[in-house]
Amino acid sequence: RNSSVLRVLYEHSMARLKQLLTEAIEPTHNFIYSLLNKGMASAYEMQCSLDDILSHLLPNSSKDLSRFFQGVLYNITRSPAQTEAKALAILKVLAAKSKNQRIASLCADTMKVNDLGSIVLVTPEYGRFSTVGGVGVMLDELARSLVALGCNVYVISPYYNYDKGGKTGYLDKEETIKWERNIHTFVGQEKIEVGVHAGVDQGVHHYFLHHFTYFPTPYSAGGPDYQLKALVLF
């Protein structure tokens with residue numbers, strides 16, 4: 001009887017927590033939320049909290065539990081006292097080392113739910129290739145920082161006729177960036193052939209688009225019609 005009462009308590013608390021999160025109401029005083037918040041102290045504490053919660057839930061209560069767990073952790077890490085990095089570190093430890101297979105699977109699945117997927121950065125200037133000002137430096141640092149965090153990053157940028165020093169063919173010296181193919185597209189009624197140079201450098205996937213007329217130099221001058229066509233092509 002006591003186990004049945006506890007199971008009802010835990011499942012009602014979880015149902016209430018889901019409702020609070022959906023309605024964006026602070027769930028601080030919710031029982032399940034309090035257990036998970038306590039678990040943020042360490043991987044061991046989270047193991048104890050999850051073991052407590054899972055042992056009092058019916059097996060079918062585990063459906064979509066990873067997405068629910070991710071939502072709870074997101075809410076918890078909004079507090080200045082907790083960080084996303086700490087939550088991810090705890091999940092990684094438990095996914096790899098927990099002897100409770102249910103907990104290990106839950107933590108592994110929660111990290112998959114949290115996966116951002118591929119990130120695409122589109123920029124008119126980029127890194128050592130075509131930086132003119134702060135945008136190129138910032139995008140270069142951002143792309144490499146995201147890769148260091150485990151993200152899959154793609155950068156798309158023009159391959160200009162001339163770099164900021166007036167040199168041509170600046171991609172020719174790059175061992176990791178090579179011409180891949182030409183593609184055809186339309187800007188209005190005009191059919192345009194664009195060269196695609198691609199490669200991976202420092203973990204970042206690069207795609208440079210070349211067209212002699214529309215990508216001569218970074219921020220090139222031209223009339224409104226020309227500028228619009230260049231933007232549409234890019």
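This is a predicted model: local features need pLDDT of at least 70, side-chain atom pairs count only at pLDDT 80 or more; totals for chains, interfaces and linings use all residues.
**Entry 1. Helix H2 and its start**

I began with helix H2, which covers residues 31–39. At its N-terminal end I found a cap formed by Asn30. A side-chain oxygen of Asn30 lies 3.0 Å from the backbone nitrogen of Ile32.

**Entry 2. The buried face of H2**

Next I asked which residues of H2 are buried. I noted Ile32, Tyr33, Leu35, Leu36 and Gly39. Viewed down the axis of H2, these buried residues fall within an arc of 160 degrees, so they line one face of the helix. I recalled a general point here: an α-helix has 3.6 residues a turn, so residues three or four places apart point the same way. I then looked up what the buried residues of H2 pack against, and found helix H1 (2–22), H3, helix H4 (65–76) and helix H5 (84–97).

**Entry 3. H2 against H3**

I examined one of these partners, helix H3 (residues 43–55), in detail. How are two packed helices described? The angle between their axes and the distance between the axes are used. For H2 and H3 the angle is about 155 degrees, and the axes are 7 Å apart. Angles over 145 degrees count as roughly antiparallel, so H2 is roughly antiparallel to H3.

I listed the residues that meet. From H2 they are Ile32, Leu35, Leu36, Lys38 and Gly39. From H3 they are Glu45, Met46, Ser49, Leu50, Asp52 and Ile53. By class, this contact of H2 with H3 has six nonpolar, two polar and three charged residues.

**Entry 4. Ser98**

I turned to Ser98, in the loop between H5 and helix H6 (101–113). Is Ser98 buried or exposed? Its relative accessibility is 13%, and the limit for buried is under 20%, so Ser98 counts as buried. Its side chain reaches the backbone nitrogen of Asn100 at 3.2 Å. Setting aside residues up to four places away in sequence, I found that Ser98 touches Gln47, Val93, Ile103 and Ala104.

**Entry 5. Ser130**

Last, I looked up Ser130, which lies in helix H7 (residues 127–130). With a relative accessible area of 3%, Ser130 is buried. A polar atom of the Ser130 side chain lies 3.0 Å from the backbone nitrogen of Tyr126. Which residues does Ser130 contact, leaving aside its neighbours within four places in sequence? I recorded Pro124, Glu125, Ser157, Tyr160, Tyr170 and Pro218.

Note on methods:
Residues are numbered from 1 along each chain as its sequence is written. Side-chain values use heavy atoms; hydrogens and water are left out. Axes are lines fitted to C-alpha atoms, for helices over the stretch in contact, and angles run from 0 to 180 degrees between N-to-C directions. Helices (H or I, at least four residues) and strands (E, at least two) are DSSP runs, numbered from the N terminus. Angles under 35 degrees count as roughly parallel, over 145 as roughly antiparallel, 65 to 115 as roughly perpendicular and the rest as oblique. Contact means heavy atoms within 4.5 Å. Ala, Val, Leu, Ile, Met, Phe, Trp, Tyr, Cys and Pro count as nonpolar, Asp, Glu, Lys and Arg as charged, and the others, Gly among them, as polar. Buried means under 20% relative accessible area, exposed over 50%, partly exposed in between (1.4 Å probe, protein chains only). The arc is that of the directions from the helix axis to the C-beta atoms. A polar contact is a pair of N or O atoms within 3.5 Å; within protein, one must be able to donate a hydrogen and the other to accept it, and residues adjacent in sequence count only if both atoms are side-chain atoms.
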